[in-house]
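Please keep the sequence and the structure at hand while you read.

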Amino acid sequence: MSNSPAEQLEAVFLFQDGQIARELLYPEFEAILDGFIPVPDFSGTSAKAAYVQINPSLNVTGVVFFLLGFDAKGMVDRRWNVPLRQLLESAGSGPDMGAGAIRLVCYSQCPVAWHQKNLWDPLMQPGSNSFVAMRKAVKSNRLGFAIKAPEAQAVASKSVQAVRTVAEVEREQSALEQKLHEHYAQELRDKMALLIKEQRLRIATLMNQHQAKFHSLQHEHQHRLLAYQQQYQQLEQQNKELEERNRSLKESLDIQATKVEGMREYFAHKLKAAQQDESSQLQVLQENFALELDTKIRAATAGLREMLDMREVELFYRHQNESALKEEIVNIKRENQQLLKNSSDQLLGRLTKAGVNLVAFLPGVGEIAIALDDIGRYLEDPDAYAAEKAGVSQAVYFAWLEHHKSPCCSAVDSRGNMCGRSIPMIETPLEFHSGESDRCTQHQTVTFSLVAERR
């Protein structure tokens with residue numbers, strides 16, 4: 001690594017649970033990177049850290065908020081390679097921490113795009129501010145940085161030295177250097193054993209609380225919506241079953257009517273035959289026939305009508321329940337959209353005023369900044385939002401996604417076997433044409449010949 005800039009002190013702070021857990025001199029941090037010192041407290045985790053440059057007056061002049069991965073033994077991941085000093089050389093401006101605007105590198109302000117995934121954003125809420133915590137830690141000077149003497153003290157020292165002999169000054173300087181050396185050497189030896197017991201500053205983040213509450217309400221609404229959708233599907237299935245039973249009852253009624261008609265024809269034929277033998281019994285037979293026929297018809301139709309009336313009433317209540325559920329689902333979706341809008345307007349509006357942009361990577365579109373008004377539409381259907389930004393329909397976008405995941409010929413022969421031959425990948429959805437871009441040259445020719453024959 002290159003040497004630090006002139007008159008700049010360097011330190012690394014390790015954060016844990018939103019607090020500064022460890023303060024390291026830069027040589028100690030280099031020893032951890034080289035694998036000489038393990039950090040058991042962060043074993044198997046990815047720690048949030050901050051590389052800080054400090055002037056001799058103990059004012060922060062530059063900060064890089066980076067992520068540091070540790071293996072199961074507490075050793076730094078060998079693949080970690082973030083040029084901290086080089087990033088600060090091209091960093092943007094940040095808040096004033098006592099010596100003017102600092103140079104700041106974080107996730108939302110990264111001068112080199114491919115290092116962004118190894119960075120994180122500091123907390124900036126009132127009462128829970130990463131910059132305030134670092135400023136307090138630097139001012140406390142637990143790392144033992146040499147502080148620049150004030151000008152008045154330098155003048156007084158020169159005045160005293162003017163009346164002292166050179167020998168006395170040399171002896172005092174030698175004694176002072178020895179005393180300082182022993183003091184800081186002892187403090188450095190004790191520091192490694194007392195780091196865990198040092199006071200930790202608790203930083204509560206209002207943003208995380210809002211985010212957690214928002215996610216909790218969103219999950220609750222999603223569960224409620226899913227439950228009502230399942231209930232609606234069950235009622236719809238019951239409605240189909242009732243309609244099927246109604247159709248079956250109507251068919252049964254038709255069969256009974258056919259049977260009654262057959263019985264009527266039978267008795268009519270029987271009466272016609274009896275008329276030739278005993279005309280006196282004709283009236284009795286007709287009355288019995290009419291009475292018996294009427295009784296059977298009433299008995300058959302009464303039961304069927306009662307069953308049909310019950311089914312119609314049940315269907316009526318089912319339809320009412322379905323209408324109520326549909327209205328409630330619409331209200332829930334409206335409430336969810338209003339919640340998304342209100343939460344995003346309050347939280348994301350503050351982030352937008354602070355200069356923070358929300359960036360998402362959309363396949364086929366790339367990195368795109370999502371406007372505040374589009375957050376609801378993006379969260380509701382990211383694929384539809386991506387298709388809109390790509391300038392194609394959802395069907396074309398989904399077909400392009402399948403082609404982009406596996407660029408092979410999708411033609412299927414008469415036996416149902418897919419060709420599967422590798423084809424060139426189409427990079428953007430606008431250049432993709434289904435039936436052509438996802439076919440090899442052979443099957444494209446066959447497709448064109450079939451179109452020509454149809455024409």
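## Aromatic pairs

The count comes to 15 aromatic pairs, where rings of Phe, Tyr and Trp (its six-membered ring) pair if their centres lie within 6.5 Å, with planes under 30 degrees apart counted as stacked, over 60 as edge-to-face and the rest as tilted. In Phe-65 and Trp-120 the ring centres are 5.0 Å apart and the planes stand at 85 degrees, so this pair is edge-to-face. Phe-65 belongs to strand E4 (residues 60-69), while Trp-120 sits in the loop between strand E6 (101-105) and strand E7 (124-125), so the pair ties together parts that are 55 residues apart in sequence. Helices (H or I, at least four residues) and strands (E, at least two) are DSSP runs, numbered from the N terminus. Phe-65 counts as buried at 0% relative accessibility, and Trp-120 is buried too, with a relative accessible area of 7%; buried means under 20% relative accessible area, exposed over 50%, and partly exposed in between (1.4 Å probe, protein chains only).

Next, please turn to Phe-267 and Phe-289, a tilted pair with 5.2 Å from centre to centre and 50 degrees between the planes. Helix H6 (residues 206-275) holds Phe-267 and helix H7 (residues 282-353) holds Phe-289, so this pair ties together parts that are 22 residues apart in sequence. Both of these Phe residues, Phe-267 and Phe-289, are buried. There is also one aromatic cluster formed by Tyr-26, Phe-29, Tyr-51, Phe-66 and Trp-80.

## Confidence in the model

This is a predicted model, in which local features need pLDDT of at least 70 and side-chain atom pairs count only at pLDDT 80 or more, while totals for chains, interfaces and linings use all residues. Residues are numbered from 1 along each chain as its sequence is written, and side-chain values use heavy atoms, leaving out hydrogens and water.

The protein chain averages a pLDDT of 78, and 80% of the residues score at least 70; pLDDT is the predictor's confidence in each residue, from 0 to 100. Over residues 150-160 pLDDT stays under 50, and the model has 0 contacts beyond four places in sequence for them, a contact meaning heavy atoms within 4.5 Å. Over residues 192-206 pLDDT also stays under 50, but here the model has 31 such contacts beyond four places in sequence.

## Positive phi angles

Most residues other than glycine have a negative phi. Leu-58 has a positive phi, near 60 degrees. Leu-58 is found in the loop between strand E3 (46-54) and E4, and is buried, with a relative accessible area of 5%.

Asn-141 has a positive phi of about 55 degrees, although it is not a glycine. Asn-141 lies in the loop between helix H3 (130-140) and helix H4 (151-163), and counts as buried at 15% relative accessibility.
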